[in-house]
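Hi everyone, thanks for coming. Please have a look at the sequence and the structure, and then we'll walk through a few places together.

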Amino acid sequence: MSISKIQTEFATQDLQFISIHASGAVIESDNKLIQFKKQDFLQQFHPFFEIISSFFEEGKKHMSFKCVYINGRIFDIDIVDNDTEKGVVILREGTAFYNRLQEIAQKRNESLVFNEVLEFKNEILKEKEEFKDRFIGNFSHELRNPLTLITAFSSMLLKSDLNVEQESLIESIVSQSHRIKEIIDDIVDLSILKRKTISLEQKQFDFYNLLEDLRINHQTRAQEKGTQLLIQCDPTVPKIMMGDERRISQVMSNLLEHALHFSEGKEVKLEILDNQRRANKISLTIQVHCVTGIIPQKFKNDNTTIPKDKNNINASNLGLSITEELLRLMDGSLSSTSNEEGHSLIQAKVKLFVPFRVSETPVAIKKVRNELKLSQKINVIIAEDYGVAQLTAVKVLVSSGNFATEVYSDPKDLLEAVQHKEYDVILMASSISQIDAIELLGMIREFGNNHNSKIPAIALSTKSKPEELKEYSKAGFKDVIKKPYTDDEVLSTIYKRLNLKKFK
Amino acid sequence: MISKKIVIVGHFGVGKSSLIKRFVEDVFIDDYKVTIGVHILKKTVKTSDKEINLIIWDTEGAESVEELLPAYLLGTHGFIFVCDVTRPKTFENLQEQLDLLSTFNKLAPILTVGNKSDLLPKGTIHEAKEAMPFLDVLTSAKDGKNVQRLFEKMAKLIIS
């Protein structure tokens, strides 16, 4: 075979030439790739060839179409104007090549699409989280003001002359409003913990004192339920340890609350076991035995037969969720087991440090007696624009007989007052008429007279996140009283900040 | 019967091929298969008084219509620009893309489509439509929602 013949054969191996009329009718075809007969219409073979009419109508001379799928095969197709009303269609088979290309494109695009979708889902999650935080913030704010009134007034009522039945009713109100406050705090805590935005303290604390406080705090509740409360601690557990005392107390308190909630008059036992000690690290198991505890499904480790009673899924489960998050932060864990009789055991494992050298125990601050009677009145500014909160603060202060109060809900009036009169203390809500307390205090310090620029400012805040409380302190507030507060908390805080000799 | 060519364009992975498959064969395949080059399918639709052969060109996904081969656009009667409602990148610079399409054929109508509406949270379709006013139709190739309507709408626009 001559070279030119071989060249021709190989050069045209994957090619087919079809001579056509402008109507798409086949005049002649070499049929190397696809079989056509004379007078066949290419449009009837595949809709791609509908393009032929546009090609001739628009007077095109030559057009190339890359990578066209025709009945399961892939072609590069050229259409060439050969003569008036006549043309040539050239098919070049590229199925193998394009299939390989498709595989590469598949991998690349899948990964790009996956990343884009992931990015979008993350955005949605972020938005949801932000909405949730805003919602929890508003919800907490809206509830704390009315709750402050209930807590403070019922506490004041308890100090008045009441008969036994009245006293018992008010005690129930105090106890339940305290419970609502705890639930609000728990919800806020949980939202913070889920975002891991809290940091744990590492300070020395007296573990045995903590257990005693825990016993005192839960004894009343246990008595109310007719439950015997037992707290046992391995004697090898050290008295002084290092860690976040408040959070450890919260873990134990939540476990006890859960057990007490379901105790139905049976015994509740909290045990602290010394697992092991290495160098200055100690691993403790804090476990609570509970007779009829309903354990939320997420905390269960066994195949218990205890039915999940929806009516009993309540605030105490919120406490367990917080406990779980806290333990996670402390490199610990929460687990539980239960048997068919309904006896359950919830275990928290936690790691703490034992200090090499015990620092001096801080002296307890003496509580100021709130029954104090002063001969001279303390002049207080109450900066608050929420009616119920104004009423609560005024009632609490006035009923002690030691205060002269002025309430301001307009920042302009407040600034005018601090310019012209002299006061002893300022109580300020989180914001007044849209102006943030921190900003407002700055203005008081700047525009108030010399006397007022030095008086203590105390925030009455619905905010409870640690970072928010730090902001108050940085701005110059001496104290933050978290709403809901009791009358005793407000009075103690104010007395603590003043030189009371001046008013006696 | 008259034939009209519609070119479907848009980013990769927005569901162009799935929309056409749903319209022509009434099927949906969950696996994503990348289109390279061009697939051409045909379906007859009836408008009020006419039957039209829609020749639908399913093009390779591209971030910009500039990447399309000009030959694919020869004799186009209408464009459908498909976006994925769950991927904002697929409708960024939309107006710019539509303007570019118009330069190929000023007379060809363009419909913008937000596909994968089934992935939007339940009850938010109306909100999504309001949040994306630049889209003409929200479709789901997966459950077939608005797919038929989309092509019929395009057919009407072409013959009107």
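Let me start with a question: in which loop of chain A is A:Pro484 found? A:Pro484 sits in the loop between strand 19 (479–482) and helix 13 (487–497) of chain A. When I say helix or strand, I mean DSSP runs, numbered from the N terminus: H or I with at least four residues for helices, E with at least two for strands. The bond between A:Lys483 and A:Pro484 is a cis peptide bond, with omega about 0°. For background, most peptide bonds are trans.

A word on what you are looking at. This is a predicted model, in which local features need pLDDT of at least 70, side-chain atom pairs count only at pLDDT 80 or more, and totals for chains, interfaces and linings use all residues. Residues are numbered from 1 along each chain as its sequence is written, while chains are lettered from A and ligands numbered from 1 in the order in which they are written.

Still in chain A, let's visit two helices. Helix 10 (residues 411–420) and helix 11 (residues 437–447) of chain A have axes that come within 9 Å and cross at roughly 30°. Here the axes are lines fitted to C-alpha atoms over the stretch in contact, and angles run from 0 to 180 degrees between N-to-C directions. Who makes the contact? From helix 10 of chain A come A:Pro411, A:Leu415, A:Val418 and A:Gln419, and from helix 11 of chain A come A:Leu440, A:Met443, A:Ile444 and A:Phe447. Contact means that the C-beta atoms of two residues, placed from the backbone, lie within 7 Å. By class, there are 7 nonpolar residues, 1 polar and no charged ones. Nonpolar covers Ala, Val, Leu, Ile, Met, Phe, Trp, Tyr, Cys and Pro; charged covers Asp, Glu, Lys and Arg; the others, Gly among them, are polar.

Now over to chain B. Chain B has 4 helices and 6 strands, and from the N terminus on they run β-α-β-β-β-α-β-α-β-α. Strand 4 and strand 5 of chain B pair in the parallel sense over 6 bridges; to count as a pair, DSSP must find at least two bridges. B:Ile80 stands opposite B:Leu111 in strand 5 of chain B. Strand 5 of chain B is also joined by 2 bridges to strand 6 (residues 137–138) of chain B, and these run parallel. There, B:Val113 stands opposite B:Val137 in strand 6 of chain B.

Two loop residues of chain B deserve a stop. B:Asn93, between strand 4 (78–84) and helix 2 (94–104) of chain B, has a positive phi of about 55° although it is not a glycine. B:Lys116, between strand 5 (110–115) and helix 3 (125–131) of chain B, also has a positive phi, near 70°. Is B:Lys116 buried or exposed? B:Lys116 is buried, because 24 other C-beta atoms lie within 10 Å, whereas B:Asn93 is exposed, with 12. The cut-offs are 20 or more for buried, 12 or fewer for exposed, and partly exposed in between, with C-beta atoms placed from the backbone.

Last stop: where the chains touch. 23 residues of chain B are in contact with 26 residues of chain A. On the chain B side, strand 2 of chain B gives the largest share, 5 residues. That side divides into 12 nonpolar, 7 polar and 4 charged residues.
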